[in-house]
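Thanks for coming. I have one structure to go through today, so let me put it on the screen.

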Amino acid sequence: MSDQKPFPLNAWYAAAWSHEVARALTARTICNKDVVLYRRADGRVAALEDACWHRLLPLSMGRLQDDEVVCGYHGLVFNAAGRCTFMPAQKTINPSACVHAYPAVERHRLVWIWPGDSALADPALVPDFHWNDGTEWVGEGGTFYGLKCDYRLVIDNLMDLTHETYVHAGSIGHDAILESPFDVTHTDRTATVTRWMIGIEPPPFWAKLLGRPGPVDRWQIIYFQAPSVIVGDVGVTLTGTGAREGDRSQGVNGAFLAAITPATETSCHYHWNFVRNFRRDDAELTRAIQTGHVNDGKGVYDQDHVVLEAQQKAIDRNPRMPFYNLNIDAGALWARRMIDRMLAAEQTQMHRPSEAAE
Amino acid sequence: MSEKTEWQSARLRAVQNLTADIRLFEIEPERFVAPAPGSHIDVAVRIGERPDTRSYSLVGPCTDGIYRIAVKLLAHTRGGSAYMWSLAPGARLGISAPKNHFDLGLGRPDYLLVAGGIGITPICGMALALHHAGARVRVLYAARRASDLAFADDLAGVLGERLTRVVSETAGRINFQKEIATLAPGGELYVCGPIGMLEDAKRAWQASGRPVDQLRFETFANSGRFANEPFTVTIPRLGKVIEVPRNDTMLAALEAAGVDMISDCRRGECGLCALPILEADGIVDHRDVFFSEAEKAANAKLCTCVSRVAGGSITVDTADRPG
């Protein structure tokens, strides 16, 4: 009965890297909503509905004038609150003339916007993404804008790393991933997949970073925050040095970061980073890790990109074919369960009176 | 405002008289959508034999899934209110989902909400939402007599001292200049009331030098400086003389008489239905928000959807040309 999309609207979604939003108009589609982003003179980010009230031309095709957007068609002007402040050839302004102003905050080097009910947009709900701050952990990531797949396929991908063995053989893939048991735990809004591989030969990527010979203990602790943020705490130590018990001093520790933002039902923006807390001043290493992930089709995330888009194409061609699940999908299924609960809560919120408003 | 309206069936659950001429309607929709503050619903009404629609602001946050609207019974108007008042509990109604032309901006440092008469209806929900959000807010609520102040006691229960009742019979009009001066910088003024109140507010706002977009307003298309009187429209170009009855708009009367008109909002905002005035022997009661005060004073054109002539006749031109 519902035209509800598979993404919750009452959530903060990463819309851009902070450095990408300047004194210029940037268009993004977030949760099926066209948004134009720009930076105001005071540094704050504005996010407006990207369609002029008058004739729907994308405002992003217009220009920024001080802190206001001038429509590129008939010159209507909208301020950062979305209110029209100028109409051509008349002395007054139609009081109904507004475009929606999306709540926007900057946190963890990203711009986050709230596509749903503005009254619920509490900045305290921005996902914990502090690994991306560039302080304790360092790394330079990027974004696959307009990745042609349902954002949940990216979540599936990251919540189960057995795929590394096949998709990323030769870099981070390893048969040990298949053989090691994992635990899945969850709270109301988070899910965590923990896998320890004890006394294994490190895969090439990690062997190089560790720079010390011998077997290692390897961990992958993947932390999901609903609806679509994932932080993967990953690393290796020399085996038997107590990493599992909490002492990681004999190893190297990184984290893969993903803030995945639905664009449409079958496309998304995948903001990624891989950060580390060692050799933090080594710019060359930062660059090497970045190109290891995304490098003109040859990086590990390029490999995921190919798989994810091919998977979406197959889903589109076989719309009635179900997904079957394996034991390895437990983390992804908990993540999807939380998304589904958020969606159900939103349906209720929209169609039933809320207690909170009383 | 070429908005598509999806009609749904609803049931009138109860009615309650709040004042001598304001009645509360509790409407149970088939499919409830929680309204944002400032929202209204369209209601399908019948004026005589003719189907028509009226927009009514939703009162309060509808926490129980019931839409509440309040309708003031107006004599000598188009008949929407009389139709509504004719309905008994249990009646079926056609309604739209909530729409919003009077959006409440969030996170401002200060708010002044001003209601005139039945204009309290959208202000109620805004005041409650701002109160719950912990915002700084003050409400001025004006009506002719104290007994006309529907919802005032309920609002006072929530707002306490932040609600000021203004009984215009004794206290006169609201001094907008004084009130605006107390509003913190960056604060917003929301006004819903008759056109006279709105013009006072606009004038004072402009004089204060505050940003134009921080005055928000909604008006109802049927309030003017003068009561509705029938008047005559002469259109020499078409050789027509048309009577505008007390209970219909000039635009509707012209359309009914076969004058080819374009219009859109039909509430005095867009200016599309404006016609040039050739001559007027009564006072033109400009009820639109499209023309500026100076333009209204110049009397060159009028918005036919809402504006009227107070006793007398008017001669206008149209866009028709031979060929």
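Predicted model: local features only at pLDDT ≥ 70, side-chain atom pairs only at ≥ 80, totals over all residues.

Start with chain B. Its secondary structure amounts to eight helices and 19 strands. The radius of gyration is 20 Å, close to the 20 Å that the globule rule gives for 323 residues, so chain B is as compact as a globular protein of that length. Along the principal axes, its C-alpha atoms fill a box of roughly 60 × 50 × 35 Å. Of the 323 residues in chain B, 45% are buried. If you take the contacts in chain B with a separation of 6 or more, 67% of them come from residues 24 or more positions apart.

Now helix α6 of chain B, residues 195–208. At 1.5 Å a residue, its 14 residues should span 20 Å, and the end C-alpha atoms are 20 Å apart, which agrees. Which residues of α6(B) are buried? They are Ile195(B), Met197(B), Leu198(B), Ala201(B), Lys202(B), Ala204(B) and Trp205(B). As a reminder, an α-helix has 3.6 residues a turn, so residues three or four places apart point the same way. The cover over the buried residues of α6(B) includes β8 (111–116), α5 (176–181), β11 (188–192) and β12 (215–218) of chain B. Just after the helix, Gly209(B) has a positive phi of about 75°.

Next, the contact between the chains. Chain A puts in 22 residues and chain B 28 residues. On the side of chain A that touches chain B, the largest share is three residues, from helix α7 (residues 330–351) of chain A. By class, that side of chain A has eight nonpolar, 10 polar and four charged residues.

Last, the cores. The largest nonpolar core has 102 residues, and those with the most contacts inside it are Ala15(A), Ala47(A), Ile113(A), Val154(A) and Ala258(A). Strand β16 (residues 251–264) of chain A gives the largest share of this core, eight residues. Why does the core lie between domain 1 and domain 2 of chain A? Because domain 1 (17–102) and domain 2 (135–344) both give residues to it. Leaving aside neighbours within four places in sequence, Val154(A) has contacts that include Ala258(A), Ile260(A) and Leu308(A). A second, separate core has 85 residues, among them Phe25(B), Tyr67(B), Val244(B) and Val284(B).

Technical notes
Residues numbered from 1 in each chain as written. Chains lettered and ligands numbered in written order. Helix = DSSP H or I, 4+ residues; strand = E, 2+ residues; numbered from the N terminus. Expected span 1.5 Å × (residues − 1). Buried ≥ 20, exposed ≤ 12 C-beta atoms within 10 Å, placed from the backbone. Contact = placed C-beta atoms within 7 Å. Nonpolar A, V, L, I, M, F, W, Y, C, P; charged D, E, K, R; others polar. Rg over C-alpha atoms; globule rule 2.2 N^0.38 Å. Core = buried A, V, L, I, M, F, W, Y, C linked by C-beta atoms within 7 Å. Domains from an automatic or database assignment.
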